Each structure stands twice: as structure tokens, then as C-alpha cells.
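Q: Please take a close look at one part of this model, starting from a single residue. Then go on to the salt bridges and to whatever else can be set beside them.

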Amino acid sequence: MNGEREGARPVVLLLSGPNLDLLGDRQPQVYGGLTLEAHVAAARSRATACGVVLEHFQSNAEAALVEAVHGARGRAAAIIVNAAALTHYSWSLADALAAYDGVVVELHLSNPAGREPWRHRSVVAPVARGTIAGFGGLGYELAVEAAARLIAEGPNPAP
Ligand code: DQA
């Protein structure tokens with residue numbers, strides 16, 4: 001892929017879906033007490049340590065997230081996506097990610113598989129290299145670490 005580097009450092013785009021802007025306030029018993037800004041800051045410092053540049057975009061609108069994925073094509077080497085509730089039904093986001101040629105890492109603070117049945121299906125999972133879920137804020141750092149290592153590995157999936 002060309003054009004995915006800013007200087008020598010690959011760009012990793014972190015996408016945050018609906019209601020994640022309310023983190024810190026929203027159901028802290030489920031999602032913890034940290035704000036989205038705090039998670040992004042942790043992800044950013046992990047990114048610096050891993051030699052990649054982190055960009056972040058949050059929206060409550062499906063179309064804006066689809067357009068952000070389009071904008072990452074040929075520019076960002078990886079997308080980390082916490083699509084929030086869109087995870088469970090947004091075929092347009094899934095299609096956009098399928099058309100994206102970099103590494104895709106699915107991320108969740110909670111463990112949707114252990115929650116209500118409607119959260120058990122992810123339409124993002126089939127178009128992601130893997131999923132990090134259930135580790136709270138630590139997941140943001142793990143996702144950056146995974147993305148950076150997968151970028152460094154190149155296009156062939158790990159066995
Ligand atoms: C979430 C899990 C989703 O089921 C939920 O709709 C969210 C957040 C998580 O990070 O745990 O909004 O993606």
C-alpha cells in the first residue's frame with residue numbers, strides 16, 4: 001500500500017462509534033470511569049512507543065464513520081474500530097471495512113459475548129483480523145500494539 005505513512009511512521013486510525021463520547025458518564029459499571037479522551041491518550045502514547053501515529057475520529061453517525069473508513073483507504077495502514085452498537089448491525093460499515101486494504105482490529109471495552117444476546121453478533125468481526133474485547137481501557141493499548149505488529153509483519157496473516 002502506498003501513501004499510508006506520515007514520514008516514516010505508519011498511520012493507525014482509531015474509530016469510535018455512537019455514544020462512546022459519553023464514556024466516563026455512561027454506565028461506568030459496564031464501561032469504566034475513564035473518558036474517551038483518556039483512552040485515546042493511552043492509545044496515543046502506546047502508538048508513539050510502537051512507532052506508529054494514532055489518529056482518532058468519533059461520531060454518533062453511521063455515515064460519518066463509513067466516510068472515515070473511505071478516507072483511510074491508501075492513507076492509514078490500520079484501522080482500530082470500536083463501532084459500539086453499530087458493531088451489531090451496520091452492514092454499511094462492514095462493507096466499507098471490507099473495501100479497506102489495511103489491517104482492521106475490532107475493539108470493545110466490554111465483552112459483548114457475555115452480555116445481551118443482541119450483542120453476540122458482530123458484523124465487523126468477519127472483516128477484522130481479530131477482536132480485542134472485555135479488557136476495559138487496557139484494550140486500547142492492546143489494540144494499538146496488535147495493529148503496529150501486524151503492520152510490521154506485512155500483508156501475510158500470522159499463522
Ligand atoms: C461496546 C459494546 C457494544 O455492544 C455497545 O453498544 C457499545 C460499546 C464496548 O466497547 O464494549 O456502545 O462497543
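A: Phe57 lies in strand 3 (strands are DSSP E runs of at least two residues, helices are H or I runs of at least four, and both are numbered from the N terminus). This is a predicted model, in which local features need pLDDT of at least 70 and side-chain atom pairs count only at pLDDT 80 or more, while totals for chains, interfaces and linings use all residues. Residues are numbered from 1 along each chain as its sequence is written, and side-chain values use heavy atoms, with hydrogens and water left out.

Phe57 has a relative accessible area of 31% and is therefore partly exposed (buried is under 20%, exposed is over 50%, partly exposed is in between, with a 1.4 Å probe and protein chains only). Apart from neighbours within four places in sequence, the contacts of Phe57 are Leu14, Leu15, Ser16, Ala64, Leu65 and Ala68 (contact means heavy atoms within 4.5 Å). Leu13 is 44 residues from Phe57 along the chain, yet their C-alpha atoms are separated by 7.6 Å.

Strand 3 (residues 53-58) also holds Glu55. The side chain of Glu55 meets that of Arg75 in a salt bridge, at 2.9 Å from N to O (a salt bridge is a side-chain nitrogen of Lys or Arg within 4 Å of a carboxyl oxygen of Asp or Glu). The pair joins distant parts of the chain, 20 residues apart, with Arg75 in the loop between helix 3 (62-72) and strand 4 (78-82). Glu55 is partly exposed at 23% relative accessible area, and Arg75 is also partly exposed, at 32%.

The structure holds 5 salt bridges. Among them is one between Arg129 and Glu153, whose closest N and O atoms are 3.8 Å apart. This pair, too, links distant parts of the chain: Arg129 is in the loop between strand 5 (103-108) and strand 6 (130-133), and Glu153, 24 residues away, is in helix 5 (residues 138-153). Arg129 is partly exposed at 35%, as is Glu153 at 44%.

Another salt bridge joins the side chains of Arg119 and Glu116, at 2.7 Å from N to O. Arg119 counts as buried, because its relative accessibility is 13%, while Glu116 at 32% is partly exposed. Both belong to a network of salt bridges that links Arg115, Glu116 and Arg119.

Side chains of opposite charge can pair when their charged atoms come close. Arg26 is buried but has no salt bridge, and the nearest side chain of opposite charge, that of Asp21, is 7.2 Å away (Lys and Arg count as positive, Asp and Glu as negative, and His and the chain ends are not counted). Arg26 sits in the loop between strand 2 (9-16) and helix 1 (28-31). Its contacts, neighbours within four places in sequence left aside, are Pro18, Asn19, Leu20 and Tyr31.

Gly33 is exposed, with a relative accessible area of 57%. Beyond four places in sequence, Gly33 is in contact with Gly24 and Pro28. The C-alpha atom of Gly33 is 9.9 Å from that of Gly136, and the two residues are 103 residues apart along the chain.
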